[in-house]
Amino acid sequence: MQIPHDTRRALDVVVALVNTAAEPDQPDGLSDIGALRGFVQEYAISDVGELSARDLAGVRTVRAKFAQVFAAPNPRAASVLINELVATAGTTPQLTDHDGYDWHVHYFAPGASVGDHLAADGGMALAFIVVSGEEERLRRCEAPDCRRAFVDLSRNRSRRYCDSRTCGNRLHVAAYRARRKEADAHPEASEQEQVVHGGEQQQGPDHP
């Protein structure tokens with residue numbers, strides 16, 4: 001799937017923002033203004049002035065809307081949420097090459113709050129996904145103990161985990177251990193299965 005660089009970057013910010021939400025085993029990643037300031041700096045959110053409690057509340061509201069888009073049952077439901085986001089943000093597309101970056105489009109209005117900034121750019125990035133017919137790529141990790149959001153950019157839409165090196169490997173190891181435990185608990189069944197399969201393999205050349 002071909003995604004413009006700016007859209008890809010905006011999607012990365014959307015995912016990162018959604019994943020700051022509190023979970024049973026994870027505190028809220030935007031617990032205070034300091035945490036919001038850290039998020040803004042980490043993801044190089046431009047044109048952001050002094051942050052306030054109002055900004056924090058606004059970003060949390062946008063975060064909840066983004067999470068609803070990931071949970072939307074169909075493109076129409078997602079489109080309603082996205083339309084609300086970009087309308088509330090007062091989207092104003094403008095070309096810019098700030099800070100040495102190549103020409104790209106900012107969708108947030110000049111002087112917009114950080115919440116409106118995120119809503120506008122993130123909302124338009126999500127709109128691109130829906131218009132492309134790729135809404136099902138907005139996913140949550142399938143690991144039972146993980147709910148992190150991610151955008152599946154695999155060619156065949158086969159990605160299941162937020163990170164194959166952590167959640168994916170952890171589930172594979174757990175499944176392997178479960179099979180070993182089952183085999184240890186029922187050694188007779190395991191041996192019988194080996195005999196059956198072994199017999200089939202031996203008979204293979206004489207029994208087409």
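Helices and strands here are DSSP runs, a helix having at least four residues and a strand at least two, and both are numbered from the N terminus. I keep in mind throughout that this is a predicted model.

**Entry 1: the layout**

Next I looked up burial: 34% of the 208 residues count as buried. The chain exposes about 12900 Å², and carbon and sulfur atoms supply 51% of that area. I also checked contacts between residues with a separation of 6 or more, and 52% of them join residues 24 or more positions apart.

**Entry 2: the largest nonpolar core**

Which residues touch the most other members of the largest nonpolar core? I found Leu17, Leu36, Phe66, Phe70, Val114, Leu118 and Leu126, out of 41 residues in that core. I then traced where the core comes from: H1 (5–18), H2 (33–42), H3, H4, H5 and strand E4 (149–151) each give two or more residues. Helix H5 has the largest share, with nine residues.

Setting aside neighbours within four places in sequence, I found Leu36 in contact with Leu30, Leu51, Asp55, Leu56, Val59 and Val114.

There is also a second, separate core of seven residues, and I noted Cys141, Cys146, Phe150 and Cys162 among them.

**Entry 3: helix H4**

I turned to H4, which covers residues 75–89. Its 15 residues reach 21 Å from the first C-alpha to the last, close to the 21 Å expected at 1.5 Å a residue.

Which residues of H4 are buried? My list reads Ala78, Leu81, Ile82, Leu85, Val86 and Ala89. Looking down the axis of H4, I see these buried residues fall within an arc of 125°, so they line one face of the helix. A reminder to myself: an α-helix has 3.6 residues a turn, so residues three or four places apart point the same way.

What do the buried residues of H4 pack against? I found helix H3 (53–71) and helix H5 (114–131). On the face of H4 turned away from the buried side, I noted the exposed residues Arg76, Ala87 and Thr88.

At the N-terminal end of H4 I found a cap, Asn74, with a side-chain oxygen 3.2 Å from the backbone nitrogen of Arg76. After H4 comes Gly90, and I noted that its phi is positive, near 65°.

Terms used. Residues numbered from 1 in each chain as written. Predicted model: local features only at pLDDT ≥ 70, side-chain atom pairs only at ≥ 80, totals over all residues. Heavy atoms only, no water. Expected span 1.5 Å × (residues − 1). Buried < 20%, exposed > 50% of the residue type's maximum accessible area, 1.4 Å probe, protein only. Arc of directions from axis to C-beta. Contact = heavy atoms within 4.5 Å. Polar contact = N/O pair within 3.5 Å; in protein donor to acceptor, adjacent residues only side chain to side chain. Areas by Shrake-Rupley, 256 points an atom, 1.4 Å probe, with all protein chains shown as cover. Core = buried A, V, L, I, M, F, W, Y, C linked by side-chain atoms within 4.5 Å.
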